[in-house]
Every structure is written in structure tokens, then in C-alpha cells.
Amino acid sequence: MECLAEMPRAPLADRRPRKRQRLGWDVGPEIHQVQIGLCGQEVANVISAVTLGLSSQEIPRFASPPLREDDKDGHFVFAVGDNLTPRYRINAKMGEGTFGQVLECWDRERKEMVAIKIIRGIKKYRDAAMIEIGMLEQLGSYFKRLPKSSAIKVIDFGSTTYDQQDQTYVVSTRHYRAPEVILGLGWSYPCDIWSVGCILVELCTGEALFQTHENLEHLAMMERVFGPLPCHMLKRADRHSEKYVRKGRLNWPEGCASRDSMKAVMKLPRLQNLVMQNVDHSGGEFIDLLQGLLRYDPASRLTAQEALRHPFLREQSERRR
């Protein structure tokens, strides 16, 4: 396991929309080796003491739990009440995602509950986590300059990467992943704009727009909501994604994996209908903004500056003045 960062957390009820259960094809490979990481100097001190054969009286009072193997998916195995380190006592599990799990822990130094992210013991997730750490370290001086009253919060940089990164590298959280990323066409800043569009729909409806864990199903959901994918994008799909394309179009429903998958796609309405079911004003302008943010072709997608100048956002800004 890898323990990365801590962040203060107020005790709030979990009202997040529930996403469909991860299916078999999204489960990581089995892990047969013990994969251990360190959570700050406290863990290092305790493990060193055990390795040297020191007595229990010489180990810190709140020692870490016995070393355990990660589970078959590489997740850290723990029990509520365990000491993650001498400083942190595990109070509850807050959530679990692709990269790992988040634990609610009591910080004995600060005397407050904090959230600690534990990364799965799998190399690709550890590598991504190290990029996240580097990005947070770079941004540290910027956030220190923000006024204490600022409403800006650092939430999660788990999928952060650098623009020099290999463009075949898969980026973005699954539910907010742009079509060019899935098709292996390369990516740049427009993929973040797509993610913003998906998040705005989620804020509008209260549910994630694309609740899926499989690429073909994901692309089929996009076509259900936005219409057919452009032929020029499908033709350029890389060797890993060309299996999703047949005779110049998406291989759907022929390539559908299950009846449940078909139902998940078919239940989605068109974008306009989805929005109008959930708003009672400014629906037209909001739909127009979403259509600009969620254009298939990244070259024609709105930029961040263009989105900020959109009438819907300008109108909301003027109302707050």
C-alpha cells in the first residue's frame, strides 16, 4: 500500500450519486506478493523497530498494525480501530475507487478527523500517485497565496499528468473520460473540457452521466446521448480500440457484452431531454453550453476561455453581483 496525503474533513453525510457496480472486466490482476509502502516517518520507525527485534516497550505506544498482505485487487487490508501509523487511528472507510481507498482517520497531533488516501499496491497506480504528489508539491506555493476565506478547495489530483506525457497514456477518471482518450487518438487540454461538461450534467441531474466501466459500452452511451461518433475519429482508432469499430461505425449493439449492458445504454435519454427533466429555467442556454463542452471532436470543443464567455455563465455571474 502507498499512503500519500492527508486533508482535513468536516463530518458530512455522503450524498454522492451511486455509480453502477464495477464489472469483471474492470477488475485488476491478482496480487500475490506483499506490497508495502510507508505513510510518513512514523511507519518507517515502527517497521525498523520490529525488524531490529526491539521489545514492545521500545516501540511507540500507538504502533502500526501487523503487516498484512493486500487483497487480491491490491487494496490495503485494515480493521477499524487499527493504527495506520502511531499518529493516525483508522475510524472508518470513506470510499473506494480505481486508484485505491480513502480512510477517515483520527489525527492525534492535530486532534481532528482527516481523510487519508491509500493507493493500491499495483505499479501503474503507484506511478500515477507519484505524479499526483509532484503536482501537489508544485501547486503548494500557489495555494498558500490564497486568502484563508477562499472557497477554493483542493479535492483530488489523482489523474493529473503532464502535457509532455506519452499521448497514448490513458488519462481522466473513467466516467469523465473523453472519446479521443478511449479511442487512443491522443489528448490535450480539451479532454479536461469534456470532463467539465460531464460534471455539469452530473450537478444538474444528481447522477453521473456515464455510469460504466467498459470502453465499448461507454462509447455507445455517448452515441445514445449525443448522436453518432464522427467517422473520421472512428477510422483513426488505435490498435487497442479498433475492435470497437466495424465497417466505419461503432460496433454496437453487435459487440454488446451483456443484456445488462444493453439496458444501461438504452435507458439514457438525449442530452436535451435529460437537462429539461431537471431544470425549470435557462434550460436552452445551459444545453447550448453543454453541447459546446461535449463536442466529440476536441478541435471544435469550446476552450475554457470561450466557455467562461458563454451567455449561461455570464448570466449566472451577473445574478451573483
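These legends describe close-up views of a predicted model.

**View 1. Strand 2 and strand 3 pair in the antiparallel sense.**
Strand 2 covers residues 88–96, and strand 3 covers residues 100–107. Their pairing runs over 7 bridges. A hairpin of 3 residues links strand 2 to strand 3. Look for Glu96: Gln101 in strand 3 stands opposite this residue. In a regular strand, side chains alternate between the two faces of the sheet.

**View 2. Cys105 is a buried residue in strand 3.**
The relative accessibility of Cys105 is 0%. Buried means under 20%, so Cys105 counts as buried. Which residues does Cys105 contact, beyond its neighbours within four places in sequence? They are Leu84, Tyr88, Arg89, Ile90, Asn91, Glu112, Met113, Val114 and Ile116. Leu84 lies 21 residues from Cys105 along the chain, yet their C-alpha atoms are separated by 8.2 Å.

**View 3. The largest nonpolar core has 47 residues.**
Seven names stand out here: Trp194, Phe210, Leu219, Met222, Phe226, Leu250 and Leu294 touch the most other members. Several helices each supply at least two residues of this core: helix 3 (179–182), helix 4 (190–205), helix 5 (215–226), helix 6 (231–235), helix 7 (259–266), helix 8 (271–276) and helix 9 (283–293). Which helix gives the largest share of this core? Helix 5 does, with 7 residues.

**View 4. Met222 touches residues from several places in the sequence.**
Set aside residues up to four places away in sequence. Met222 then touches Arg177, Ala178, Pro179, Ile182, Trp194, Phe210, Gly227 and Tyr296. Met222 and two of these residues, Trp194 and Phe210, are also among those that touch the most other members of the largest nonpolar core.

**View 5. Helix 5 packs against helix 7.**
The axes of the two helices are 9 Å apart, at an angle of about 30°. Angles under 35 degrees count as roughly parallel, so helix 5 and helix 7 are roughly parallel to each other. Helix 5 passes helix 7 in a right-handed crossing. From helix 5, Glu217, Ala220, Met221 and Arg224 make the contact. From helix 7, Ser261, Ala264, Val265 and Met266 take part.

**View 6. Asn273 sits in helix 8.**
Is Asn273 buried, exposed or partly exposed? Its relative accessible area is 44%, so Asn273 is partly exposed. Asn273 and Ile287 are 14 residues apart in sequence. Their C-alpha atoms are 9.7 Å apart in space.

Definitions and conventions
Residues numbered from 1 in each chain as written. Predicted model: local features only at pLDDT ≥ 70, side-chain atom pairs only at ≥ 80, totals over all residues. Heavy atoms only, no water. Pairing = 2+ DSSP bridges. Helix = DSSP H or I, 4+ residues; strand = E, 2+ residues; numbered from the N terminus. Core = buried A, V, L, I, M, F, W, Y, C linked by side-chain atoms within 4.5 Å. Buried < 20%, exposed > 50% of the residue type's maximum accessible area, 1.4 Å probe, protein only. Contact = heavy atoms within 4.5 Å. Axes fitted to C-alpha atoms, helices over the stretch in contact; angles between N-to-C directions. Parallel < 35°, antiparallel > 145°, perpendicular 65-115°, else oblique. Left-handed = near helix turned anticlockwise from the far one by under 90°.
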